[in-house]
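Here are my notes on the model you sent over. Please read them with the coordinates open.

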Amino acid sequence: MIFKRPHSAIFIFGLSFLLVRNLPLCFLMPIWSHGDEIGHLDYIMKLNRWQLPNPREQIETSLFLFHRANWDGRVLSTSRQHSIKKINDMGLARFSYEAHHPPLPYLILSFVRSILLLKKLPLALQVKIIRTICLLVFAFGLSIIYISLRRNKINNKVFYVPLGIIPLLAQDMFFSINTDVFSFLFASLAVAGLIIINKYEFSKKGWLLLAMGIILCLWTKASNVTLIAWPIFAMALLKRKTLKTLKYSILTFISVIILSIPWYIYNYLRFSNFLIDKSLPYPLISPKGISLESLNEFWLAFMRTLFRGEFFWKGGYFDPISGTLNPLL
């Protein structure tokens, strides 16, 4: 039966590949070997203490002690020397540097961790379980898009192909504590809304899903701001354009702005910037300018991240071969 429905086969393949490849990595990858896990976990731990973090505060003491005990210099260097002795040795990582981000995904993960605390699980195991939850969140987003396509009887295989391709990307967000998976989940809700609107342009459910998905995305990460344009795109792409659809589009756009902006106003009141606290010692990297060398470096870094993710292992990328073909593997 599954081979008579290739669109279903594409989704099942993608979902299976996503889980089979990345679930073991949630448990096997070294602590802090990718992304900003320590900053994300600090945010979660502060919420567990009913405290909204401030970027100028230091990370949780228990988290620093855990980090010092589990620090592995091979993750980012070939040295085995233990250089983390006191919290000031950690540079930017000693601060709650992710605290400028909206709290929604951290609230969800803090609820998960509160359950783990009831079981008194070791912090190392908590990290691995929360990684797994993040992976499942992404899988849920894929499922939302698939179910929306099926329920609206969209049988063109072109719309299902991304469900099989996206899981092939070796992104570190699949097996790390991060908020990007929630951006994907909530954007999937917005996509579900677009699918409904495409078929029933006056569907209040479709426009509501579109608005809700975008609002939740903006309560997840500021970089999702480009999604604000989706209601306008939805209106532009509809075959029939009426005053009623124009009204729905404008109301959706306005509601997204009004319901998304409070957190960014709060940030501005805290540190005179809508997005970030510039007083932190963020590492500054001088631009190299445009040259053949810089373009080549950008291309290799982009391809490595796109196709293989940031697989740090024993001091470097997990590279099966060396050379310019490496990022394609």
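This is a predicted model: local features need pLDDT of at least 70, side-chain atom pairs count only at pLDDT 80 or more; totals for chains, interfaces and linings use all residues.

1. Positive phi at Trp 50. Trp 50 is not a glycine, yet its phi is positive, near 60°. The residue lies in the loop between helix H2 (37–48) and H3. Is Trp 50 buried or exposed? Its relative accessibility is 83%, and it counts as exposed because the cut-off is over 50%.

2. Positive phi at Lys 120. Lys 120 has a phi of about 55°, again positive and again in a residue that is not a glycine. Its place is the loop between helix H4 (104–118) and helix H5 (123–151). With a relative accessible area of 75%, Lys 120 is exposed.

3. Second largest pocket. The second largest pocket holds about 470 Å³ of space. Its lining has 16 residues, and those closest to the centre are Ile 145, Pro 162, Ile 166, Ala 187 and Val 191. Two or more lining residues come from each of H5, helix H6 (161–165) and helix H7 (180–199). Which element gives the most to this lining? H7 does, with 8 residues.

4. Aromatic pairs. The whole structure contains 11 aromatic pairs. One of them joins Phe 138 and Phe 184. Their ring centres are 4.1 Å apart and their planes meet at 15°, so the pair is stacked. The cut-off for stacking is planes under 30 degrees apart. The pair links distant parts of the chain: Phe 138 sits in helix H5 and Phe 184 in helix H7, 46 residues apart. Phe 138 is buried, at 0% relative accessible area. Phe 184 also counts as buried, at 17%, because the limit is under 20%.

5. Ring cluster. Which residues do ring pairs link into a cluster? They are Phe 11, Tyr 146 and Tyr 160.

6. Buried face of H9. Helix H9 covers residues 230–237, and Pro 231, Ala 234 and Met 235 are buried in it. Viewed down the axis of H9, its buried residues fall within an arc of 95°, so they line one face of the helix. What do they pack against? The buried residues of H9 pack against H7, helix H8 (204–218) and helix H10 (243–260).

7. His 67. His 67 is in helix H3, residues 61–70. Its relative accessible area is 8%, so the residue is buried. Leaving out residues up to four places away in sequence, His 67 touches Trp 32, Ile 38, Ile 84 and Met 90. Please inspect these contacts in the viewer.

8. Pro 30. Pro 30 is found in the loop between helix H1 (6–28) and H2. Its relative accessibility is 23%, so Pro 30 counts as partly exposed. How far apart in space are Pro 30 and Lys 128? The distance is 9.9 Å, C-alpha to C-alpha, while the two residues are 98 residues apart in sequence.

How values were computed. Residues are numbered from 1 along each chain as its sequence is written. Side-chain values use heavy atoms; hydrogens and water are left out. Helices (H or I, at least four residues) and strands (E, at least two) are DSSP runs, numbered from the N terminus. Buried means under 20% relative accessible area, exposed over 50%, partly exposed in between (1.4 Å probe, protein chains only). Contact means heavy atoms within 4.5 Å. On a 1 Å grid over the protein atoms alone, a cavity is a set of points where a 1.4 Å probe fits but cannot get out, and a pocket is an open set with protein on both sides within 12 Å along at least five of seven lines; lining residues have an atom within 4 Å of a point. Grid points are joined across faces, edges and corners, and a volume is the space filled by probe spheres set on the points. The arc is that of the directions from the helix axis to the C-beta atoms. Rings of Phe, Tyr and Trp (its six-membered ring) pair if their centres lie within 6.5 Å; planes under 30 degrees apart count as stacked, over 60 as edge-to-face and the rest as tilted.
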